[in-house]
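Trainee: Please walk me through this one before I set anything up.

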Amino acid sequence: MASSGDKLVYFLIGSFVGACAALLLAPQSGEQTRELLEGKAREGADRVGRRLREGRDTLEEKGRELAGRASETLNRERETLRKKKEQLGVVLDAARRTYQGESRTQEESVD
């Protein structure tokens with residue numbers, strides 16, 4: 001499947017070929033043909049502008065979704081880190097109490 005950039009190139013090439021064919025085969029006068037071409041060029045420009053706006057809107061929406069997911073992931077990781085920190089504090093407190101208890105036991109044994 002063609003990418004968006006390829007589609008735009010194909011569109012522009014098709015527009016050019018169509019414009020050339022219209023000039024060669026046009027039964028109208030030169031002024032009428034120019035008006036027709038100007039109208040078609042405006043339509044093409046409007047179509048391209050609309051597609052660009054749609055693309056920009058899509059990119060902005062995807063960017064917001066990605067930012068939201070990144071924020072959620074960051075918040076989850078912060079919460080995990082906070083829990084691990086609490087667990088480490090509990091373990092360190094228990095180790096400190098055990099060490100202090102062992103130190104007292106050894107001091108009492110020496111006395």
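**Helices, patches, overall form**

Trainee: Where is valine 17 placed?

Mentor: In helix H1, residues 4-25; helices are DSSP runs of H or I with at least four residues, strands are E runs of at least two, and both are numbered from the N terminus. This is a predicted model, where local features need pLDDT of at least 70 and side-chain atom pairs 80 or more, while totals for chains, interfaces and linings use all residues. Residues are numbered from 1 along each chain as its sequence is written, and side-chain values use heavy atoms, without hydrogens or water.

Trainee: Is valine 17 buried or exposed?

Mentor: Exposed, at 51% relative accessible area. The cut-offs are under 20% for buried, over 50% for exposed and partly exposed in between, with a 1.4 Å probe and protein chains only.

Trainee: Which residues make the nonpolar patch?

Mentor: Val9, Tyr10, Ile13, Phe16 and Val17, covering about 540 Å² of surface. Patch members have over 30% relative accessible area and no salt bridge, with nonpolar side chains joined within 5 Å and like charges within 9 Å. A salt bridge puts a Lys or Arg side-chain nitrogen within 4 Å of an Asp or Glu carboxyl oxygen.

Trainee: And which ones form the positive patch?

Mentor: Lys40, Arg47, Arg50 and Arg53. Arginine 53 belongs to helix H2, residues 30-110, and is partly exposed at 44%.

Trainee: Switching topic, how many helices and strands in total?

Mentor: 2 helices and 0 strands. The C-alpha trace spans about 120 × 20 × 15 Å along its principal axes.

Trainee: What share of the residues is buried?

Mentor: 4% of the 111 residues.

Technical notes. Areas by Shrake-Rupley, 256 points an atom, 1.4 Å probe, with all protein chains shown as cover. Lys, Arg positive; Asp, Glu negative; His and termini not counted. Charge placed at Lys NZ, Arg CZ, Asp CG, Glu CD.
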